[in-house]
Amino acid sequence: MSDKQKSLTYLTKYLKNYKKPILISVAFYLIVTIAQVIAPSLLGQTVTNLSAFVKGHGSLGVFYQALAWMAGFYAFNSVATYIAWMMMTRFNANANNDMRKGLFGKLQRMTIRYFDTHQDGQILSLFNSDLDNIFNALNNAFFEIISQSLLFVGTIIVMFVINWKLALSVVATTPLILLLSWIIMKKAHVYLDNQQDRVGELNAYINEQLNGENVIITQGLRDQSVAGFKKENAKVREAMFKGQFYSGILNPLVSGFSLLNFAIVIATGAYMIMTKQVSQAAGLGLIVTFTEYSWTYFQPLTQVTSIYSMLQLALTGARRLETVEEQEEENTVPDGKTISGVNDAVRLEDVHFGYTPDKEILHGVSIEVPKGQSVAVVGPTGSGKTTIMNLINRFYDVNSGAVTFDGVDVRDLKLENLRSNVGIVLQDSVLFSGTVADNIRYGKPEASMDEVIAAAKEAQLHDFVMTLPEQYDTPIENGQDNFSTGQKQLLSIARTILVDPAFLILDEATSNVDTVTEEKIQKAMDNVIAGRTSFVIAHRLKTILNSDKIVVLKDGQVIEEGPHADLIKKRGFYYQLYTSQMAFE
Amino acid sequence: MKILLPYFKRYKKDVFLTLITIVFSAFATLYQPRLLQQVQNELLADQQQAVIRDTAILIGLGLLSIITGVLNVYYASRITQGVVSDLREDTYAKIQTFSLANVQQFSSESLSVRLINDMQQIMNMIMTIFMQLIRMPLILIGSIIMAIVTIPRYWWAVVVLLALIMGLGVVAVKQITAMFDRFQMYMDKISGRTGEFLQGVRVVKSFNQSPQEIAKLNKDSDELNEVNIKVGYWFSTILPGAQLISYLVISLVVYLIGTSILQHPQDISVITPYVNYVLTMLFAILLVGMAVMQISRGNVSLRRIQEIMDTQPDVVFNEKAPEDALGGSIEFDDVSFTYPDGQQPVLKHISFAVAPGQMVGIVGATGSGKSTLAQLIARLYDPTTGKIKIGGSDLRQVNEKALRKTVSYVLQKAVLFSGTIADNLRQGKKDATSYELERAAQMAQASEFIQRYDETFDHEVEERSANLSGGQKQRLSIARGIIAGSPILILDDSTSALDAESEKLVQETLEKQLPDTTKIMIAEKIVSVMHADKILVLDNGRLVAEGTHEELLKTSPVYQEIYKTQKAKERKEEL
Ligand SMILES: Nc1ncnc2c1ncn2[C@@H]1O[C@H](COP(=O)(O)OP(=O)(O)OP(=O)(O)O)[C@@H](O)[C@H]1O
Ligand SMILES: Nc1ncnc2c1ncn2[C@@H]1O[C@H](COP(=O)(O)OP(=O)(O)OP(=O)(O)O)[C@@H](O)[C@H]1O
Ligand SMILES: [Mg+2]
Ligand SMILES: [Mg+2]
């Protein structure tokens, strides 16, 4: 799709829901425009009546009547304007609201791969800049374009009806103007596009830097960060200057041309008189009339060019938004199978996978987690443990082989069903803004306070929460988490405990929690895990000693497998890991 | 507005030239109808010479207006973009003097919104001023005078009209300004929500909570929309409202003229011009009004920028102190600390001393205050009471550059930036050679996986290090921390995501290869700190014990408990 098509697709998509208000407000605005053209003649009528009265062949009554008509007409005009604007305001704001919601909704459906490979700030700039541009343009340009086109077309028709030769002289320069405008607009278009892309990059830079501000400060990178900002900012400035300049010169060019055009009209008229095509008296009148028309003819052009950059920025915004809306979505497998709980086993069957086509990470991994058992995965960093979790939960899909639940390929399950059966405590914990309680019941918003507290107790978080100023109602503002890293992990655990999933995955869930607390959680979790199928990734071997099976993953391959005691006996890789970590008496 | 003045001063020349070009193009605009009328009259009077002359002038005027118009756009764009980008730069530079707490108070999303969206509003404002506002008052004042002069008797009608429209305008501007304020606030909120979603996307998806996220955002978005609609309603009321007022006044004046026409028959001829002047006045008022709206909106944004500029950094360094690295000793003297928004102290009366080159372990329960203590050493916060000295100097007296050279702090949560691996490591030492990169990576056990990439150190890291595993991230973060060879190295649980083997190797290498570096190791695993010269045991913000592994095993119940949970199932001999 070309850029233009993209922009138009986007705009129609969101405006088509407002067909009715758009049509009505446009109709009202057309009336207003026509009324504005007629109004002077009503005034003329009033004046005529009054002068007739003065001259003695009329009554004041007729004048009053005409005046009343005029006043009524004026009032009507104001009311129509009011209605048109009110409706436009509404549908424009609502459409913009739909766009914002649409964009966010779209983000919700996109693949993890997209988020892993795109910068947050680029997406944020769509909210911070592009949506705003579209809104402004519609607000300021919508009626302008309608009424100006109407005036434009109207003027052309009237001119040609009166005298086509002079009419031609009025429009004579138009092709040249169009050509010139086209060249300029093409340039402006490039720069305005470029401008929004640079703004996106600047936003991405700011967002990333400020989110890592603690590193910036502690590494003494402030100066460097400012220097980097200057570089990005200079690019924005350059692009914006060019965009503003090229889109800005259209207007003076066109209004300058309108002056030159007078000369052409006058010359043509003079020529017509000289060649006796018209009588001198009529010709002179015509010239005067057509200089007026030349003026009205150019008005719409100058008006529209003065809002050109606004329009183009809206189109650019629409294109950028449409590009996101076109992105691939997660396949939710709407008519897929459903399962409830694990009845047999969760299996990885000869799984091959790589994040990029050229680099395979898992080379034929097979793991079986029978119902009710707890299987641990250990192995060097980067061996692919988290990747396995990504595949089970379908954040990514296998290249070959399969992940199955009771023999059903996860790709054949309804996505929502799969994920509601799988509970994950991720390696990196995140908090959302809201209260502590909201965060704990994040996976089950309807959970009661008792459930929340029970989960917090099991995760050893309760005592800490009770020390907070408003306990469970303590607000967590974004970016302002007042939890220690370990406490965040405990909260993630509580969150997952609360939803009580059939299949539990713990990805280094307690890596930052002290071992005393960890042991307590373990005891609590033993109850939770008992009878539950689970998959535990851990570097702290103490936590997995009692697993039914330990799988050692190295470089994307399973190299050892079995219960703790067996693996120790084997004196292989696991043995090495174990002895290097444990404290011995 | 005041905040912009110094910026305009920087572009004095451009401002001057813009004004001149405005005068010229205003002249062209104002003169053109007159000239045209003149030509028309001359045409009707058949004065050929005059027609030719004035047509030529018309062409000249056209060219003049093109040239001055283009120049006006050029200079106005230079000012607008210059002022805005300078302001944006200074704002960012100011943010980079903030303490961590300052940044968190604003939230990073709000700061982004201010640097992007608010700047856009300010830009619109400046553009409006230079491209419209300056010449509108001329037209407005001109038409007011002309309207009054045309029918002096009804001067009061013009005054009434102005008063009514102004009144309407003042009320509206007040209302709308408040709404713009709210608009920017919701903008912050939406940006915050989206940022939060982007960071927690895996959690959202794994809990199937998209509906919840959507509901939360829709609520904010609806509220923003409410504001938009209200602002729009005001606009939609004011415009036709002002129109209606003008029309009524016009009708009233025409009516009055009519009733008294016999006394003043000459009034007939002034009706049409009078109406035209009032309508021009209305047009100018509306344009000025629009500009005022744009300005009041820009003002809200300027205030939000001013807020940043007015913020006093919580932590201020002593610029006058020397920039040289400090010594490697650390001394805590009765330090207590409460977080700015916290209620209870997180650290209570902590005192200890570390000699240069020592290795110190810190252990303690989750939330006992280990990271907080480390943050105080790096002076992310200042202690509420008590004193911290590094290399003998009070932290409050040192230069920031000196402190950063001295203390290298590997954070508990590894954060890398998008860019290559080398870019990230060089954040620790700007001019690091490839040998140094290699050495640091080796020590952090990172070179093994870096070498596997085809581009080795030029491999790209995605934002939030999305394409690295937990342990890879941490190892790069450690490498970045040690590359500069700072006298003091703090590792805050920095090996938590490393497998046991790599962890052990990292520990050993650091101990061996950095003998002169003071090492603070915060760890959950006792094995990591067993060999330390000294171990500090924190419990609920208090320093409850201090000593070597052997000593603590004998004396500290807290330490004993931690140790107990980490002992192997088997005895050494059994394996
Ligand atoms: N989104 C991604 N895109 C590209 N490569 C990735 C991505 N995520 C991980 N990798 C790479 O895949 C490999 C396996 O990573 P994974 O996160 O599965 O390791 P892990 O075993 O969980 O390690 P750790 O113990 O350090 O968490 C690593 O080399 C990593 O760099
Ligand atoms: N920014 C903050 N504002 C308010 N309170 C905070 C903030 N950061 C941490 N806290 C609180 O201070 C206490 C100490 O936190 P700290 O991060 O120092 O713990 P820690 O010992 O490092 O724990 P962990 O082992 O989990 O990393 C905790 O109770 C925590 O909730
Ligand atoms: Mg991992
Ligand atoms: Mg910590």
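1. A residue is called buried when its relative accessible area is under 20%, exposed when it is over 50%, and partly exposed in between, using a 1.4 Å probe and the protein chains only. By this definition B:Ser371 is buried, with a relative accessible area of 18%.

2. The structure is a predicted model, in which local features need pLDDT of at least 70 and side-chain atom pairs count only at pLDDT 80 or more, while totals for chains, interfaces and linings use all residues. Residues are numbered from 1 along each chain as its sequence is written, chains are lettered from A and ligands numbered from 1 in the order in which they are written, and side-chain values use heavy atoms, with hydrogens and water left out.

3. The magnesium ion (ligand 4) is coordinated by OG of B:Ser371 and OE1 of B:Gln412, at 1.9 to 2.1 Å. B:Ser371 belongs to helix H11 (residues 370-377) of chain B, whereas B:Gln412 sits in the loop between strand S6 (407-410) and strand S7 (419-420) of chain B, so the pair ties together parts that are 41 residues apart in sequence. Helices (H or I, at least four residues) and strands (E, at least two) are DSSP runs, numbered from the N terminus. B:Gln412 is also buried, at 12% relative accessible area. Donors here are N, O and S atoms within 2.8 Å of the metal (3.2 Å for Na, K and Ca); water is not among the atoms, so sites may look incomplete.

4. A salt bridge is counted where a side-chain nitrogen of Lys or Arg lies within 4 Å of a carboxyl oxygen of Asp or Glu. By this rule there are 48 salt bridges over all chains.

5. One salt bridge pairs A:Lys101 with B:Asp222, with the closest N and O atoms 2.7 Å apart. A:Lys101 lies in helix H3 (residues 60-109) of chain A and B:Asp222 in helix H9 (residues 210-259) of chain B, so this pair joins two chains. A:Lys101 is partly exposed at 23% relative accessible area, and B:Asp222 is partly exposed at 36%.

6. Another salt bridge brings together the side chains of B:Glu400 and A:Arg222, at 3.1 Å from N to O. Because B:Glu400 lies in helix H12 (residues 400-406) of chain B and A:Arg222 in helix H9 (residues 222-274) of chain A, the pair joins two chains. B:Glu400 counts as buried at 18% relative accessibility, and A:Arg222 counts as buried at 10%.

7. Within chain B, a network of salt bridges links B:Arg114, B:Asp118, B:Asp188, B:Arg304 and B:Glu307.
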